[in-house]
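Hi everyone, thanks for coming. Let's take a few minutes to look at a structure together.

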Amino acid sequence: MANLLKSLVLLSLLFGFATARLSTVNRYGTYKGGGSPPIKDEQDPPKPKDKRRPPPAPKVEQETPPLETDFLGSWKIHSENAGVSAMHIQLMPNNNKAVWYDTTNNGLSEIESNPRICTKTIGGHPKGPQEDCTAHAIEYDIETAEIRTLQMTQNPWCSSGGLSSNGALVSTGGVFTGFKSVRILQPCENCDFQEKQNALHSNRWYATQHPLENGSLVVLGGSHSLNYEIIAAESLDFKPKLFALPFLDETDEAPGENNLYPFVNLLPDGNLFVFANDKSIVLDPYTGKEVHRFPNLPGGVRNYPPSAMSALLPIDLTMDNEDTVNVEVLICGGNTHESYYYSDRKRPREFLPALHDCGRLSLTKRGEQWDIEDMPSPRVMGDLLVLPTGDMLMINGAKAGTSAWNAADIPNLTPVLYSPDKPKGQRFKVLTASTIPRMYHSVSAVLPDGQILVAGSNTNEWYMREKPKDVDKEFSFPTELRVEKFSPPYLAPELQDNRLEILEEESDNKWNYGGVFNLRVRSSGASDIDTLDIKVTMYSPPFTTHGYSMNQRLLILKVKRISSHGKISVVAPPSGRLAPPGYYLVFVVHREVPSRGMWVQIQ
């Protein structure tokens with residue numbers, strides 16, 4: 001009998017070892033097979049045994065499949081009139097505020113500045129007031145819809161921007177007084193913009209801004225600016241460094257240039273991916289040298305004014321070998337090379353159908369070709385947002401025409417969900433449509449609670465919201481001052497028992513590269529925490545304008561340890577090449593439902 005017991009014990013140990021070898025971490029930090037699994041924190045105190053009854057049977061180590069839902073999203077009005085049309089938007093760290101602004105050369109907005117500051121009216125109604133005492137920038141409370149006006153004198157029309165490493169909004173370029181200007185809004189209560197008019201070397205109208213691994217900023221391109229410059233904009237006291245970029249000359253195409261607001265993304269080797277018109281390169285930002293050229297993306301033009309959508313796919317950092325990190329880009333929609341001529345220059349205007357296709361390409365593998373797939377509907381001027389789950393949302397825009405005033409037609413009211421890890425042919429899902437057209441100059445932003453803020457559209461001169469009878473002006477769509485919120489499918493009521501809460505007081509919010517940091521979570525619903533279906537994502541909130549979200553990236557972090565009482569240990573990105581220094585929203589995704597995001601700063 002003793003020998004039989006020993007044999008049974010040995011068999012059970014061998015079976016347990018084999019099972020442990022099969023349980024491991026997939027690209028999202030959940031157990032799937034291969035590699036090393038996150039281990040249980042042995043320092044966590046064991047749960048006390050209930051002496052009144054036998055201990056429960058051990059939980060079966062298998063992943064619980066996500067609940068299916070028929071919920072396709074929902075819309076609600078968050079504000080009936082925000083006062084300022086949202087042409088540019090940035091979610092600010094830690095203070096529940098979004099900042100947006102329009103332009104100072106189209107007359108009055110619909111909210112007075114507070115404190116009251118008046119300047120000479122530029123543009124506007126011919127019979128309007130000679131003084132402009134209205135605001136053209138606001139700070140908007142994303143929970144309460146309360147508004148604080150901001151002062152901005154250097155015209156930011158069609159400018160670029162983003163967050164600095166210390167969380168300040170850095171706004172670059174614009175038009176007229178704003179061509180070479182830089183504006184900084186520090187992340188503090190009641191702060192206002194600091195401005196410097198001639199801070200840049202070149203005019204930056206329709207340029208793109210993006211951070212480098214050391215926190216400095218690249219400001220690249222713009223109308224008739226075939227170059228880029230690097231600035232260190234923690235304050236207005238900096239000296240920019242200018243570089244020529246022949247690639248922008250090569251992609252300049254009359255009559256609308258077709259290479260404005262170029263798509264720019266930082267790569268894991270510290271170089272930049274730059275896409276303009278239908279071409280793309282790898283650029284060494286410190287020398288101006290073209291390192292590599294990708295195949296052309298066929299079909300048409302993808303940058304302003306035909307204005308396609310573009311974003312990096314989620315970057316998987318769960319692999320043990322950092323050298324295997326793959327970075328892919330997705331570019332969807334746009335229009336033909338001649339579309340801007342027909343939509344803006346020709347009379348009467350003619351709105352060519354927007355493009356249906358998406359191109360997807362690996363930026364870290366050489367010899368790759370664009371993988372082409374069609375969207376459910378054509379789209380121009382849309383936004384492409386990366387959601388906390390790793391899915392992507394296409395929202396706003398039109399089905400015909402291009403960017404520019406009254407140069408588009410047929411609003412695309414229907415958001416589309418793109419799931420990059422599903423098989424080709426199954427990646428698109430059509431969601432619930434809005435009833436409000438979001439045309440030229442509309443914006444959107446992912447919020448910490450997982451909802452999408454949507455605002456702006458068609459910033460007409462003097463905020464025409466009805467066609468004026470006394471002025472002969474082209475007028476297709478009204479200026480839109482209503483603000484909406486869209487709830488994606490993961491916010492379905494039947495899924496909310498899976499939604500975890502990050503206990504911020506017990507979680508680390510200051511991170512260093514490559515370090516291990518702890519998040520404490522608890523279940524706010526009736527279901528238990530399934531440690532086998534947890535992933536942790538880290539999102540860089542972008543600066544969005546004219547259909548492009550600058551500095552947007554989502555990283556899927558490596559989960560090192562998960563305890564039975566809600567402590568999750570995660571590995572921070574290894575360097576600023578994968579996550580430029582600054583502020584990010586961290587989400588714990590449980591059964592494909594994200595928690596509310598927590599702000600962290602990485603340095």
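Here's something to start us off: does E480 count as buried or exposed? This is a predicted model, by the way. E480 has a relative accessibility of 7%, and because anything under 20% is called buried, E480 counts as buried. Its salt-bridge partner is R482, with the closest N and O atoms 2.8 Å apart.

E110 and R465 meet through their side chains at 3.1 Å, N to O. They sit 355 residues apart: E110 lies in the loop between β3 and β4, R465 in the loop between β32 and β33. E110 is partly exposed at 38%, and R465 is partly exposed too, at 34%.

Next come E143 and R596, whose salt bridge is 3.2 Å from N to O. Here 453 residues separate the partners, with E143 in the loop between β6 and β7 and R596 in the loop between β43 and β44. Both are partly exposed: E143 at 36% and R596 at 35%.

Now, on to a sheet. Four strands form an open, antiparallel sheet in the order β16-β17-β18-β19. β16 and β19 stand at the edges with a single partner strand each, so one side of each has no neighbour in the sheet. On average, neighbouring strands are turned by 30 degrees against each other, direction ignored. Inside the sheet, β17 and β18 pair over five bridges, and A276 has K279 in β18 as its bridge partner.

How values were computed:
Residues numbered from 1 in each chain as written. Predicted model: local features only at pLDDT ≥ 70, side-chain atom pairs only at ≥ 80, totals over all residues. Heavy atoms only, no water. Pairing = 2+ DSSP bridges. Helix = DSSP H or I, 4+ residues; strand = E, 2+ residues; numbered from the N terminus. Axes fitted to C-alpha atoms, helices over the stretch in contact; angles between N-to-C directions. Salt bridge = Lys/Arg side-chain N within 4 Å of Asp/Glu carboxyl O. Buried < 20%, exposed > 50% of the residue type's maximum accessible area, 1.4 Å probe, protein only.
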